[in-house]
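Hi,

Here is the structure I said I would pass on. Have a look at it first, and then read my notes below.

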Amino acid sequence: MSVSFAESQTKINLLRAFAGESQARNRYTFSAGFARKQGLPCVEMVFLFTANQELAHARVFYDYLEKCSGENIAIDGTYPIDLYTTVLEHLRAAQHNEFQEYEHDYTSFAHIAKEEGFPEISHLFSQIARIEKIHGERFGAFADLIEQEKLFISDVECQWMCLNCGYVVTATRPPEMCPVCKHQQGFFVRMEMVPWQMKK
């Protein structure tokens, strides 16, 4: 079944996705500020890193609506309110929301776009769904470490990097204060969780 873009559900879904990504970016920015106040700059940076990727997703969805420039389009949708008192709750909420987009929202949007005759947009929804799964897994990994009280403790020696200056130490836990830049322990993260880490 092929329909015109102007009459399609895909047009509505693109705007819903844009709204969702825009809100996610803001929620993660707010969560980042909360994590920093709690002395966890490493979690702050995870939220900000993901927030920037959500901005990229919003831009892609928005660009596909170029044909609608100048219109006001009514949409409905449900969006989460994630105002919690612990970093762990913020991480778990973000994990849940990312998996929701992966398992339900964008998977459904991809199916609808394909049925309506928009294979390129269908592919886009599928690709971004897979990215959201990665986001959910990343938030979940940090939440697991906090729940297990292992964010700054390892059962075996591993490498830790200070996210402020790049100092690396091999230990079962990072120092209370970075010996190079004097930033607090909250800046340290396991080397395998550092973006752009070179694999050996």
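Before anything else, a word on naming: helices (H or I, at least four residues) and strands (E, at least two) are DSSP runs, numbered from the N terminus. Also keep in mind that this is a predicted model.

With that in hand, let's start at Ser154, which sits in the loop between H4 and strand E1 (158-162). Is Ser154 buried or exposed? Its relative accessibility is 12%, so Ser154 counts as buried. Leaving out residues up to four places away in sequence, Ser154 touches Trp160, Thr172 and Arg190.

Now for the nonpolar cores. The largest one has 24 residues, and Val43, Phe47, Leu91 and Leu151 have the most contacts inside it. Helix H1 (9-37), helix H2 (41-63), helix H3 (87-116) and helix H4 (119-147) are the elements that give two or more residues to this core. Take Leu91: neighbours within four places in sequence aside, Leu91 is in contact with Val43, Phe47, Phe139, Phe142, Ala143 and Ile146. Another core, of 17 residues, lies apart from the largest one, and Tyr106, Phe118, Ile121 and Ile128 are among its members.

One last stop is Gln100, in helix H3. Gln100 has a relative accessible area of 30%, so this residue is partly exposed. Gln100 and Ala129 are 29 residues apart in sequence, and their C-alpha atoms are 9.4 Å apart in space.

Cheers

How values were computed
Residues numbered from 1 in each chain as written. Predicted model: local features only at pLDDT ≥ 70, side-chain atom pairs only at ≥ 80, totals over all residues. Heavy atoms only, no water. Core = buried A, V, L, I, M, F, W, Y, C linked by side-chain atoms within 4.5 Å. Buried < 20%, exposed > 50% of the residue type's maximum accessible area, 1.4 Å probe, protein only. Contact = heavy atoms within 4.5 Å.
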